[in-house]
Amino acid sequence: MNIESLREQFDDLGVDATEQVLERCLEICKTHDLDDPAEFVEKWMAYSISNLNGAEPTIEYLNEMENRQYKNVQRKVLKRSSQKESRLKIYNQGNDEDMNEEENELLGSYVTLTPKNDKKSASRLHIGTPDMKSTNTFSPVSYSPLTTTKRSRIESGKTGNVVCTFGNFSSMASNIVKNSETIATISVANLFGTQWMDDKVKFMTTSMNDGQYVTERIFKLGHEFLRKIVVDEKLNDQIVLSHCDELSQDNVKCLGKIVCGGRSEKLDQKSCTFIGFDENKLRITQLDMTRMKMPAQIFPGQVCVLNGTNPRGKNFSISEIHAERTLENCTYPSRLTEPLSFVIGSGPFTSDDNLTFEYLDKLIENCQNNKPDVLILSGAFFDAKSKLIFDLATEVDEHFRKMLTNMSEKLGDSTKIVIVASHDDINSSACFPTRSYGFSGKKGFSNNIFLAPDPCILNVNGIKIAVTSVDVTKHLADSEFCMNAGGDKIRRYINYLFHQKSFYPLFPPKVPTDIRLLHEYATINEIPHIFIAPSDMKYYMRDFNNCLCLNPGRIKNENSDGTFARVIVKPPPRENNVKGISSWISGQIVYL
């Protein structure tokens, strides 16, 4: 435990903590014997969201949290311990067998035990068969893993613990009174021309119009950026644009796209290059950011308007970057008359060394107990990188269809199941945007399962929900270049998507991408009510631009316990324009 580890945890959540705050955090951790910086930062975020409306950490707020979260708990523990009588557990001959079983289970996690005249134990050590408490619903019948995993994450003592809260979830959950006949209806959301990609769309095909798509996108975004500049600067005249490679001693404005030039693989001050907008000629110039006084955040593929000079025609000296437009939010869901509950999970859903899907089974068991109206699952389900897929005795599509049928039977017609495709699945179209899984029209398929492409915008009783399976926030975090930029990193990444009007604005992309399909089916013309962006980064649930943006984490996480999200949406009040979405949308992120 040190200041750097605490700083790293705060940075993952997009919080820019000062040195004094970090020193105070370290002091609290040492005082109360806290060894895990991630656990402390999670505790702070939960306290900040629940009590301080998500405020940044300060010395005063940290002292307040220490008094309420740690010192009060210690007082209660000391009080209980003083009142309890000392009790010793007495063992007799009758429970020696139980003691031996407990010792064997403990030793069995470190060494292989040789059972003595124990037929039950011998059968448990059968080669190639894992020690399972119950038959897994989603495991292939003919599949038997060759190795058993270590202690499963789903058996962690953190199961059910809430790690992140948005709004007043407990109050909303306790006050839900629903008509038993109310069932969620899911359809395609039509947001100002946003299209829906069906399974008939051709992908990875070349076209003479691919360049036109890029040019059209730059032109439309540039028009919106300029319109916002006129409003913000209160200009009476229209803005005249210049070409980026033309000689200019006075400040001019240029429209174009940021790219990473030279041989550099990552954007920096030396590799920042700008391709100017011109339908007839390629105009390209190096960027000089030494005159920048304001914070700058750019990434490869970002469309923007630059303000600056180019005295020699080779290096454009930037004084200001304009890359924001006026955002438009969806109208409030007038069709929503009763509360709806959602459970949101993101793959992978099974361990790397088996195909038993124990994590998916655990999530479905949770849904059986809590009965959500809608379950949203984003892949990958059968990762193409896994060699164990070839051990399946049946076709992947056939087994996947059986899995979905089992989900439907377990949850019943009252829960709608949305399956969002992933390009990482072996049975997918292997490029982004990704078509939905192509067996929805087959006879006998479950009616309460809705197969969606990646990305997609769903309409659930008037609630607009945007979902993608691609880890776009991590890709942006790895690719962006910042100068004097602080504040909330996650907010910055989500704003990139909203202001660039794209689910994946990064170019060149880090995933196999079809430019034509990206232009037609991955645009964000209007800010939805809920934006789901699963990522390997730290889970979060935040209000950005009056939209609940969330990363539910991974159901199966390699380095920590898996998480999923629960969301409740109730009919918005009329005065919602003042209170924001937290008055009618709430949620939690929970350990699986």
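Helices (H or I, at least four residues) and strands (E, at least two) are DSSP runs, numbered from the N terminus. On that basis, Pro-433 falls in the loop between β11 (416-420) and β12 (449-452). The model is predicted. Its chain contains 14 helices and 20 strands, and 49% of the 592 residues count as buried. Of the contacts between residues at least 6 apart in sequence, 72% join residues at least 24 apart.

**Helix pair α1 and α3**

- Helix α1 covers residues 3-12 and helix α3 covers residues 37-51; their axes are 9 Å apart and the packing angle is about 45°.
- The crossing of α1 past α3 is right-handed.
- On the α1 side the contact uses Ser-5, Leu-6, Gln-9 and Phe-10, and on the α3 side Pro-37, Ala-38, Phe-40, Val-41 and Trp-44. By type, these residues are seven nonpolar, two polar and no charged.
- Gln-9, a residue of α1, counts as buried because its relative accessibility is 16%, and the cut-off for buried is under 20%.
- Setting aside residues up to four places away in sequence, Gln-9 touches Pro-37, Ala-38, Val-41 and Lys-538.

**Helix pair α9 and α10**

- Helix α9 (residues 358-370) and helix α10 (residues 396-411) cross at roughly 25°, and their axes come within 10 Å. The two helices are therefore roughly parallel to each other, a term that applies to angles under 35 degrees.
- As with α1 and α3, the crossing of α9 and α10 is right-handed.
- Leu-360, Asp-361, Ile-364, Cys-367 and Gln-368 of α9 make this contact with Met-403, Met-407, Lys-410 and Leu-411 of α10. The contact residues divide into six nonpolar, one polar and two charged.

- Helix α11 runs over residues 472-479, and its buried residues include Val-472, Thr-473, His-475, Leu-476 and Ser-479. These residues lie on the same side of α11, because they cover an arc of only 160° around the axis.
- The elements that cover the buried residues of α11 include β15 (481-483), α12 (489-500) and β17 (540-543).
- Arg-492 is part of helix α12. With a relative accessible area of 11%, Arg-492 is buried.
- Apart from neighbours within four places in sequence, Arg-492 is in contact with Gln-297, Glu-480, Cys-482, Ala-485 and Gly-486.

- The C-alpha atoms of Ile-589 and Phe-166 are separated by 8.9 Å, while the two residues are 423 residues apart along the chain.
- Neighbours within four places in sequence aside, the contacts of Ile-589 include Asn-161, Val-162, Val-163 and Cys-164, as well as Tyr-539, Tyr-540 and Met-541. Asn-551, Pro-552, Thr-563, Phe-564 and Ala-565 are also among them.
- Gln-286 sits in strand β5 (residues 283-288). Gln-286 counts as partly exposed, at 31% relative accessibility.
- Between the C-alpha atoms of Gln-286 and Gln-269 the separation is 9.6 Å; these residues are 17 residues apart along the chain.
- Gln-286 is in contact with Lys-270, Cys-272, Thr-273, Lys-314, Asn-315 and Phe-316, leaving aside neighbours within four places in sequence.

**Backbone features in loops**

- The peptide bond from Gly-347 to Pro-348 is cis, and its omega is near 10°. Pro-348 is in the loop between β9 (340-346) and α9.
- Phe-432 and Pro-433 are also joined by a cis peptide bond, with omega about -5°.
- The loop between β11 and β12, which holds Pro-433, also holds Ala-430. Ala-430 is not a glycine, but its phi is positive, at about 65°. The relative accessible area of Ala-430 is 43%, which means that the residue is partly exposed.
- Asp-33, likewise a residue other than glycine, has a positive phi near 55°. Asp-33 is located in the loop between α2 (19-31) and α3, and is exposed, with a relative accessible area of 65%.

Conventions. Residues are numbered from 1 along each chain as its sequence is written. This is a predicted model: local features need pLDDT of at least 70, side-chain atom pairs count only at pLDDT 80 or more; totals for chains, interfaces and linings use all residues. Side-chain values use heavy atoms; hydrogens and water are left out. Axes are lines fitted to C-alpha atoms, for helices over the stretch in contact, and angles run from 0 to 180 degrees between N-to-C directions. A crossing is left-handed if the near helix is turned anticlockwise from the far one by less than a right angle, and right-handed if clockwise. Contact means heavy atoms within 4.5 Å. Ala, Val, Leu, Ile, Met, Phe, Trp, Tyr, Cys and Pro count as nonpolar, Asp, Glu, Lys and Arg as charged, and the others, Gly among them, as polar. Buried means under 20% relative accessible area, exposed over 50%, partly exposed in between (1.4 Å probe, protein chains only). The arc is that of the directions from the helix axis to the C-beta atoms. Angles under 35 degrees count as roughly parallel, over 145 as roughly antiparallel, 65 to 115 as roughly perpendicular and the rest as oblique.
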